Amino acid sequence: MKYEEIIKFYQTHNEEEDNALGFIKEKGYAPLAEDIAQVMDGSTLVKEGMILIRKHPRFCCVAEHKHNYLEINYILSGEITQILDGNKMTLQEGELLFISKNSKHEFLPAKEGDILLNFIILPEFFDCIYPFIDKEGNIKNFLLNLLSNGDEINSVLFHVKGDESIQNIIKNILITYFESEEGSANLLRHYFLVLIYELLKRTNLVEETSTSNSDSILLFKIYNYIENNYSHGSLNDLSILLNEDYNYLSKK
């Protein structure tokens, strides 16, 4: 399937969106989205495999909820406004938001050109990824906590709109998901491994959300510096780079 066809598929109204538009025309305000539980259960949503990619419903409000799986928000086009753990934030086209299982969020109505894709990923999907991360020396507590099914609230935003490499990886993920051919599941895992590996190298594109664990963010940046500068780096240079106290970093 061509990527252009995938875009067209997501741009087309589904039944829920048509119903929402009819409701707005009749009542004058946006309805609540259908079938949104207070706690979304990944095992009931993902019918086949361990990952589901679905379009966020436009034109309606989505009530506050949390989930028992890792969710990645990807803005395919336009912008999306949500309230994440009580704080309002607007995501722009091309951005990625990793949301841990215990974060609560709700969405304001999206417009015609605002398309958000939800990557719903069961924890076991990443089981095969951990050995590769360890083998390559990328022991980054920052993302490993997100990929595990831990209880810590730790949501992180990546500003990767202009990053061609990241956008191409996401395109390949979407194409592979839609093709659903033999071996697609393994290929998807490899694409996600590459995506995570590339994100781990982009500390300058990370934004802490209100629920981010600042200690995990700092460790992520430290690990990344060590990996890229282990032969010539110094604690003093790191403290200047991160604008952190030398002794504090030494203890970390």
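1. Let's start with a strand pair in this predicted model. Strand S3, residues 62-67, runs beside strand S8, residues 105-107, and the two pair in the antiparallel sense over two bridges.

2. Five strands form an open sheet, and their order is S1-S3-S8-S5-S6. The pairing in this sheet is mixed. Which strands sit at the edges? They are strand S1 (39-40) and strand S6 (87-92), each of which pairs on one side only.

3. Next, please find helices H6 and H7. Helix H6 covers residues 164-179 and helix H7 covers residues 184-200; they pack at an angle of about 165°, with their axes 10 Å apart. Angles over 145 degrees count as roughly antiparallel, so H6 is roughly antiparallel to H7. The crossing of these two helices, H6 and H7, is left-handed.

4. What does the contact of H6 with H7 have by class? There are 11 nonpolar, three polar and one charged residues. From H6, the residues taking part are Ile166, Ile169, Asn172, Ile173, Thr176 and Tyr177. On the H7 side they meet a group including Leu187, Leu188, Tyr191, Phe192 and Glu198.

5. Helix H6 has another partner to look at, helix H1. H1 and H6 pack at an angle of about 80°, and their axes are 10 Å apart. Angles of 65 to 115 degrees count as roughly perpendicular, which means that H1 is roughly perpendicular to H6. In this contact, Tyr3, Ile6, Phe9 and Tyr10 of H1 meet Lys171, Leu174, Ile175 and Phe178 of H6. The residues here divide into seven nonpolar, no polar and one charged.

6. Finally, a word on aromatic rings. A pair of aromatic rings is described by the distance of the centres and the angle of the planes. How many aromatic pairs does the count come to? The count comes to seven aromatic pairs. One to look up is Phe9 with Phe178, an edge-to-face pair at 5.4 Å centre to centre, with 80° between the planes. Phe9 lies in helix H1 (residues 3-11) and Phe178 in helix H6, so this pair ties together parts that are 169 residues apart in sequence.

Terms used:
Residues numbered from 1 in each chain as written. Predicted model: local features only at pLDDT ≥ 70, side-chain atom pairs only at ≥ 80, totals over all residues. Heavy atoms only, no water. Axes fitted to C-alpha atoms, helices over the stretch in contact; angles between N-to-C directions. Helix = DSSP H or I, 4+ residues; strand = E, 2+ residues; numbered from the N terminus. Parallel < 35°, antiparallel > 145°, perpendicular 65-115°, else oblique. Left-handed = near helix turned anticlockwise from the far one by under 90°. Contact = heavy atoms within 4.5 Å. Nonpolar A, V, L, I, M, F, W, Y, C, P; charged D, E, K, R; others polar. Pairing = 2+ DSSP bridges. Phe/Tyr/Trp six-rings, centres within 6.5 Å; stacked < 30°, edge-to-face > 60°.
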